[in-house]
Structure formats: C-alpha cells, structure tokens
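Student: I have a chain open in the viewer. Can you show me how to read it, one feature at a time?

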Amino acid sequence: MNAYGNRISADKIIAIGTSKTVYQDGDIALKVFEKNYPKTGVLKEALNYACAEETGLPVPEFLEVMKFEGQWTILTQHVKGPTLQKLMEESPQKRSGYLNLLIKLQLKIHTKKSVMLEPIHDRFHRGIQNCSLDASMRRALHDKLDQLSQAEAPENRFKICHGNFNPSNIIISKGQSPYIVDWACACQGNAAADAANTYLYFWLKDGEEQAEDYLDTYCRISHTQKEDILEWIPIAAAAGLPKKNEDDRARLIQGWLKPPGTAKKALKLKITVCIGSSCHIKGSRHVIRKLQNLISGYGLQSKIELSGAFCMGKCQHGVNVLADGRHYSVSADTVNDFFEKKILPRFREEVKK
C-alpha cells in the first residue's frame, strides 16, 4: 500500500464524504475511511461490492482491501468520465434520455439476486429504530414495514437493491459505457423499496416535479403501479433520517412523516389519453370529455391530473389511456367502467359521499 500512499496528494482527491475520501492514483481509485470507522463497515462494503461485481453488473473492478497509515482503504478500478448527474446538469435538454438510461440501469440491477447481502427489511428496521421520530410513529412504521415484507412475493425478496441509486453514482466512461459505483448501501429485497430511495433523492435535491418525473418514468418502463412505490416512501424516508443533515431531516419529516394516518404524501394520479391521429379517429376527444366529467363529478380535481399526448405506441384497439405506468384500451362506451374499476378504488376515502 505504501507504493500507492506515497503518491496520494490533495490534488488527487476525487470525492469527499462524511467518513470517507476517494483518491485517484492513475487507473486506481482508493476509498480511504476515517480512522475511527468500524472495520465491520469497511468489510461489509467490500462484500457488497464483490457481490455486485460477481453478478456481471457494470461496476469498476474490485481490487483489494488494505490499510494505509492506519486507515482502512478499498481499492477499485478508476473509471475516467463524468457522472450522469453532471451530464444532466450540463445538458438539461437531454434529461429525458439520461433519466431513461438511469432507470434501465436500475432495473438491470433488480434482475440480479444475491443471498449474501443484508435484507432491506432489516436495514430499514434499524434505520427507523435509530431515527429521531417519537416512539408511536416509529412503531407504526415498523408495523407497516412488516406488513409490506410479509405481503411480498417470494421472488421479490432477494433482488439486489443498490440502496443509494442516483445519477451521481453512475459514471459514463470515455467509451460511453455506464459504470455503477458506491455499493455501501447495497442490500437485497423489493425493487419498489429501492425505487423509493431514488425518488427521495430527486425529491430532496431537485424538488417534487423532478421526483415525480422519475417515478412516472420508472413506472412506465417497469410496468409498476405507482402505489407500490409510494407506500415504501415514508419507510425509506424514516430509515434514512439518521444519515441526513438537519435541513433534509426537517423536510422529510414535514413531507412524509406526519402522524399515523397522514404519513403518505398525496401525489396526483396522472392519466394520459392518446390524442394521436389513430386514437382521435377512435374517439379520444369523447373519452377525455367523459373523464373530465367523472373527475369533476367525484370531486377529484386536486387528486387527478388529466392530460393528452401524441401516439404512445399502443393504439391497436381502442383509445390508449396511460394511468400509473399501465396502458388501458378505452372507448367512449367503456370509459365509465374503466374509471369505476381502475381509478376510483384508489380514492375511496376522498370520494364525495
């Protein structure tokens, strides 16, 4: 290690965290942990990294764990290139394409499994227990987490979850290949819980509009219902409180962690009706008018956002309607049935009596 350590200097620092500093030395990246960082944490992060690499995911090559001047250090391949976060900031007009790339990488992670990783259920329980919320709120969140975990299909329990998946942890190499870094929070569990963490990243950093853009795109690409992710968000928010700064803690508590019964933040359900030429001929104008009347009639104007879009590529049958990432074939004759069976059940408590 001294051969590396003797060449480390401040101008070669490439990232700084609260307890870790990452240096570059040629083609090697050195993540150096502070002196009082627990050995178990270092070795656990190394295990997470190795588990991800062994699945064939695009991660920089893991090289070694060693000590330098009394500090634990993880050595990996250094990938030269900008982060996806930087590209998004420099070229906002390309954000949609970058967001699609981000989500496809996340879904690729979710196709992999590893029984060596910590269950996300255990990690969330520990985070909730150590957060600053009062005992009754923590108990309610523990109970909700247990309910969600017990309801999971067996095949969803062992999916690899990055745990901190966001554009700053994606490096685009000079050859335009993406690499996923920072596996410190990797675990196994439900992909929706991992998506909830990414949603909160965008919510804190870029605001609700960008977070909802991520959520809508994730649901569309993965064919996931928005509710499946939303119910994990208060749990992920509480579990992450111990590692957040004071301002972010206050925002998360205000936005997502109100007393039991109001923990779930109300987001608008987006319904998009195709208004392309094919769907126009099939009666999209009449479908939109009827949906407007139904939304108004049930008093759901503040809960549902209705919009139109040109061809979405699903126009073989009736008018194509997209709700929560799912496509439905609807006509003027079936729109009432669609609304009553697919939309209203989500708003039982809000519907006017």
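Student: How much accessible surface does the chain have, and what percentage of it belongs to carbon and sulfur atoms?

Tutor: Keep one thing in mind: this is a predicted model. The accessible surface comes to about 17600 Å². Carbon and sulfur atoms hold 50% of that area.

Student: What radius of gyration does the chain have, and what should I compare it with?

Tutor: Compare it with the value for a compact globule of 353 residues, which would be near 20 Å. The chain has 23 Å, which agrees. For the extents, take the box along the principal axes. The C-alpha atoms fill roughly 75 × 50 × 35 Å.

Student: How many helices and strands are there?

Tutor: The chain has 14 helices and 13 strands.

Student: What part of the chain is buried?

Tutor: The cut-off is a relative accessible area under 20%. Of the 353 residues, 47% are buried.

Student: How do I read the contacts by sequence separation?

Tutor: Start with contacts between residues at least 6 apart in sequence. In this chain, 68% of them join residues at least 24 apart.

Student: Which residues touch the most other members of the largest nonpolar core?

Tutor: That core has 66 residues. F124, W183, Y199, W256 and L257 touch the most other members. Helix α7, residues 191-205, gives the largest share of this core, with ten residues. There is also a second, separate core of 23 residues. I271, Y328, V330 and F347 are included in the second core.

Student: Now single residues. Is T76 buried or exposed?

Tutor: Read the relative accessible area against the 20% cut-off. T76 has 10%, so it counts as buried. Its element is strand β5, residues 71-77. Next, list its contacts, leaving aside neighbours within four places in sequence. T76 then touches D27, I28, A29, Y49, E61, F62 and L63.

Student: Where does H78 lie?

Tutor: H78 lies in the loop between β5 and α3. A loop residue still needs its own accessibility check. H78 is buried, at 15% relative accessible area. Beyond four places in sequence, H78 touches I14, Q24, G26, D27, I28 and A29.

Student: What are the contacts of G81?

Tutor: Not counting residues up to four places away, G81 touches I171 and I172. G81 lies in the loop between β5 and α3. G81 is partly exposed, with a relative accessible area of 41%. For a distance check, take D206. G81 and D206 are 125 residues apart in sequence and 23 Å apart, C-alpha to C-alpha.

Student: And I172: which strand holds it?

Tutor: I172 lies in strand β7, residues 170-172. I172 is buried, with a relative accessible area of 5%. Its contacts, leaving aside neighbours within four places, include K80, G81, P82 and L84. L101, S177 and P178 are also among them. I172 and P82 are 90 residues apart along the chain, and their C-alpha atoms are separated by 5.7 Å.

Student: What is the accessibility class of A15?

Tutor: Partly exposed, at 35% relative accessibility. A15 is found in strand β1, residues 13-16. Outside four places in sequence, A15 is in contact with T21 and V22. A15 and P58 are 43 residues apart along the chain, with 20 Å between their C-alpha atoms.

Student: Let's finish with backbone angles. What is phi at Q176?

Tutor: Phi of Q176 is positive, about 70 degrees, although Q176 is not a glycine. Q176 lies in the loop between β7 and β8. Q176 is exposed, with a relative accessible area of 62%.

Student: Where does D182 lie, by the way?

Tutor: D182 lies in the loop between β8 and β9. Phi of D182 is near 60 degrees, a positive value in a residue other than glycine. D182 is partly exposed, with a relative accessible area of 24%.

Definitions and conventions. Residues numbered from 1 in each chain as written. Predicted model: local features only at pLDDT ≥ 70, side-chain atom pairs only at ≥ 80, totals over all residues. Heavy atoms only, no water. Helix = DSSP H or I, 4+ residues; strand = E, 2+ residues; numbered from the N terminus. Rg over C-alpha atoms; globule rule 2.2 N^0.38 Å. Buried < 20%, exposed > 50% of the residue type's maximum accessible area, 1.4 Å probe, protein only. Contact = heavy atoms within 4.5 Å. Areas by Shrake-Rupley, 256 points an atom, 1.4 Å probe, with all protein chains shown as cover. Core = buried A, V, L, I, M, F, W, Y, C linked by side-chain atoms within 4.5 Å.
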